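Hello,

Here is the structure I promised to pass on to you. Please have a look at it first, and then read my notes below.

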Amino acid sequence: MLTKVICGMHIFFENTKVIHILFFRKGKSYQSSSPSAKAVLSSPSGSSVPRGALDTIGLLMKLGRVRNIVVVAGAGISTASGIPDFRTPGTGLYANLAKYDIPYPEAIFNIDYFSDNPHPFFSLAKELFPGHHCPNYVHYFIRMLHQKGLLLRMYTQNIDGLEKLCGIPDDKLVEAHGSFATAACHLCYTPYPAEEAKQAIMNGNVPICTFCAGAVKPNVVFFGEDLPEKYFQHAEDFPKADLLMIMGTSLKIEPFASLVNTVKSTVPRLLLNRDPVGPFERRPLRRADYMELGDLSDSVRKLAEILGWHTEIQDLMNSHENGLCSSTDPSNSSGENSDSSETDSMH
Ligand code: OAD
């Protein structure tokens with residue numbers, strides 16, 4: 001294992017396996033939700049007009065200067081669907097695992113821990129299996145990027161399946177931390193019928209590999225496991241990006257977190273998140289970096305309004321929800337009062 005110290009972080013590299021970043025110096029808190037003052041574009045008359053981050057990015061998009069958007073996303077895009085993220089104090093999944101009696105929160109997704117004791121994960125998996133939640137405005141905004149021919153690729157860390165459910169096609173989506181759609185033995189990797197694995201887990205049983213008798217698990221990526229092959233498409237995608245949108249992630253898990261550093265330095269990066277994360281914690285921000293801090297649904301809706309897409313997104317949501325997602329109140333998922341993570345917990 002190699003250890004590097006980069007910008008105050010110890011980063012542990014072990015091939016391409018999923019690992020944590022340990023922060024030993026927390027970045028200075030940056031409270032302003034107002035956009036960076038350097039977000040300035042020339043107006044048609046030639047004078048410089050200060051603009052907000054969303055106005056600037058919206059203008060670039062409207063001017064047709066952006067054609068290959070890469071979206072990098074995490075659990076924060078699904079909190080408006082009622083799914084808690086991982087690390088928000090109090091409401092995040094890792095703050096609510098006491099009942100599983102595990103040595104530390106991430107153990108529930110650690111492959112060695114699972115090998116020793118799969119029961120905590122299987123108890124949690126009953127709640128995590130997709131099927132209880134619906135995509136929200138943020139997912140449909142990303143689908144709209146695709147419909148407008150602007151989405152080069154979406155890289156998501158989420159395992160809730162909401163990207164697919166909202167209609168982002170397979171070839172536009174990289175589920176970097178896997179999904180529940182398939183299952184395999186965690187020891188010999190022999191594939192196992194996903195539906196049978198799900199039934200066993202739902203019935204409180206451990207699905208067992210017929211080949212080596214190891215425990216079968218859904219193909220969500222655990223700490224210590226390799227990322228799916230599709231993830232490595234990033235080597236081609238990121239150099240082609242002309243806009244990077246980073247949404248709802250703490251950028252704390254490698255190797256995914258470092259993807260955001262692989263676009264060209266002149267390529268605009270827009271962070272939409274509650275707090276600054278990763279390279280956005282440093283001051284000054286990189287020239288082409290923009291961030292809008294606050295609730296993601298609000299920010300995305302503002303951007304959609306700047307682009308003139310809001311009604312189209314709402315129509316898309318209404319036409320798509322055809323009963324599949326009847327549990328979601330459309331007024332909630334439209335972004336108004338949308339962060340239900342504090343009241344609608346999985347636990
Ligand atoms: P985290 O919980 O680490 O980060 C979510 C981020 O989204 C935080 O910065 C939140 O402040 C922000 N956020 C949450 N809700 C928001 C909202 N409504 N509006 C704006 N911002 C919001 O989740 P991830 O970064 O996705 O990996 O976590 C990465 C990985 O860590 C996961 O894929 C999982 C976990 O351990 C594995 O299990 C391998």
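How many salt bridges does a search of the whole structure find? The search finds 11, where a salt bridge is a side-chain nitrogen of Lys or Arg within 4 Å of a carboxyl oxygen of Asp or Glu.

Before the details, a word on the source. This is a predicted model, so local features need pLDDT of at least 70 and side-chain atom pairs count only at pLDDT 80 or more, while totals for chains, interfaces and linings use all residues. Residues are numbered from 1 along each chain as its sequence is written, and side-chain values use heavy atoms, with hydrogens and water left out.

**Overview**

The chain has 10 helices and 15 strands; these are DSSP runs numbered from the N terminus, helices being H or I with at least four residues and strands being E with at least two. Of its 347 residues, 52% count as buried. Buried means under 20% relative accessible area, exposed means over 50%, and partly exposed is in between, with a 1.4 Å probe and protein chains only. Among the contacts in the chain with a separation of 6 or more, 66% are between residues 24 or more positions apart, contact meaning heavy atoms within 4.5 Å.

**Salt bridges**

Lys 99 and Glu 127 meet through their side chains, at 3.6 Å from N to O. This pair links distant parts of the chain, 28 residues apart: Lys 99 is in the loop between strand E6 (69-73) and helix H2 (111-116), and Glu 127 is in helix H3 (residues 119-128). Lys 99 counts as exposed, at 54% relative accessibility, whereas Glu 127 is one of the buried residues of H3.

Another salt bridge joins Lys 164 to Glu 175, with the closest N and O atoms 3.4 Å apart. Here the partners are 11 residues apart, Lys 164 in helix H5 (residues 162-165) and Glu 175 in strand E8 (residues 173-175). Lys 164 is partly exposed at 36%, and Glu 175 is buried at 14%.

**Helices**

H3 is largely enclosed by the rest of the structure, because seven of its 10 residues are buried. Besides Glu 127, the buried residues include Phe 121, Phe 122 and Leu 124. Their cover includes H2, strand E9 (178-185), helix H6 (194-202) and strand E11 (216-220).

Helix H9 (residues 310-320) has His 310, Ile 313, Leu 316 and Met 317 as its buried residues. Seen down the axis of H9, these fall within an arc of 125°, so they line one face of the helix; the arc is that of the directions from the helix axis to the C-beta atoms. Thr 311, Asn 318 and Ser 319 are exposed on the other side of H9.

Helix H4 (residues 137-147) packs with helix H8 (residues 296-307) at an angle of about 35°, and their axes are 9 Å apart. The axes are lines fitted to C-alpha atoms, for helices over the stretch in contact, and angles run from 0 to 180 degrees between N-to-C directions. From H4, the residues in contact are Tyr 137, Val 138 and Phe 141, which meet residues of H8 including Leu 296, Val 300 and Arg 301.

**Loops and backbone**

Asp 242 sits in the loop between helix H7 (234-240) and strand E12 (243-247). Although 175 residues separate Asp 242 from Arg 67 in sequence, their C-alpha atoms are 6.7 Å apart in space.

There are cis peptide bonds between Glu 254 and Pro 255, with omega about 5°, and between Arg 283 and Pro 284, with omega about -5°.

Asp 101 is exposed, with a relative accessible area of 67%, while Leu 251 is buried at 2%.

Best wishes
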